[in-house]
Each structure stands twice: as structure tokens, then as C-alpha cells.
Amino acid sequence: MAPAVPTRAQVLQLYRSLLKAGQRFPDYNFRAYTERIVKEDFRINRGVTDPQKLRELFSYGQSQLQLVLRQTAIQQMYATTRVVVDPLASMLSPEAPKA
């Protein structure tokens, strides 16, 4: 028996999970790349209605989510320097007023 076709709610949950997982990257470039790719891939495949293709894409998305989660865990183990485009609030000390 083939796995069930993912529902719209499951697809949206996967989309949100991928975006949220991408925000865990300490490096701005990885965060921006992940967000751009996730949004682009979901936009490209928005009109897919074939049940087999939907199952394949959903399975691929789940594997990519696991990949992003592994990569964020690995990157968080190593210190990185902040770049100019990182949010200023994360660089301010607790006593300094936030912009």
C-alpha cells in the first residue's frame, strides 16, 4: 500500500518547519540561502496535483528538513563571527538600548 497523499496542512507545516530550521543557522549567508531555496522550491511546485509526485516532493522535503537540522547543529558547534547584515539586536549588550 502506498503512503497517503500529504494534506495541505502537512505541506504547510513542512514549509514552516523548513523556514524555521533555516533560521537556526548562525551564518547569515546560510540563513538567506535556505530561505530563498525553500520559498523558490515551494513556489515552483505549487500547482502539482499528481498524487505520486506530491508524495515524492513531500518525502524530499522531509529529507531536506533533516539535512538542515543536522547542518544547523554542526554549525552551532563552531564559533562564527557576525557579519554586518546580522541583526543588530543580537550584537548589543543587555544594557544597551535596542534599535
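Predicted model: local features only at pLDDT ≥ 70, side-chain atom pairs only at ≥ 80, totals over all residues.
Averaged over the protein chain, pLDDT is 86, with 82% of the residues at 70 or more. H1 has the highest confidence, with a mean of 97, while H2 has the lowest, at 95. Now look at residues 93–99: there pLDDT stays under 50, and the model has five contacts beyond four places in sequence for that stretch.

Next, let's go inside. The largest nonpolar core has nine residues: Leu-14, Leu-18, Leu-19, Ala-21, Phe-25, Val-38, Phe-58, Leu-65 and Val-68. Two elements, H1 and helix H3 (51–76), each give two or more residues to this core. H1 has the largest share, with four residues. Pick out one of the core members, Leu-19. Leaving aside residues up to four places away in sequence, Leu-19 touches Glu-35, Val-38 and Lys-39.

Now for the rings. A pair of aromatic rings is described by how far apart the centres are and by the angle of the planes. Searching the whole structure turns up two aromatic pairs. In one of them, Tyr-15 and Phe-42 sit edge-to-face, with 4.9 Å from centre to centre and 65° between the planes. This pair links distant parts of the chain, since Tyr-15 belongs to helix H1 (residues 8–22) and Phe-42 to helix H2, 27 residues apart. Tyr-15 counts as partly exposed because its relative accessibility is 22%. Phe-42 is partly exposed too, with a relative accessible area of 25%.

The other pair brings back our opening residue: Phe-25 and Phe-30 are stacked, at 5.4 Å centre to centre with 25° between the planes.

One last stop is Arg-31, which you'll find in helix H2 (residues 28–44). Is Arg-31 buried or exposed? Arg-31 counts as buried, because its relative accessibility is 11%, and the cut-off for buried is under 20%. As for what its side chain is doing, the side chain of Arg-31 reaches the backbone oxygen of Pro-26 at 3.0 Å.

Conventions
Residues numbered from 1 in each chain as written. Heavy atoms only, no water. Buried < 20%, exposed > 50% of the residue type's maximum accessible area, 1.4 Å probe, protein only. Polar contact = N/O pair within 3.5 Å; in protein donor to acceptor, adjacent residues only side chain to side chain. Phe/Tyr/Trp six-rings, centres within 6.5 Å; stacked < 30°, edge-to-face > 60°. pLDDT = per-residue confidence, 0-100. Contact = heavy atoms within 4.5 Å. Core = buried A, V, L, I, M, F, W, Y, C linked by side-chain atoms within 4.5 Å.
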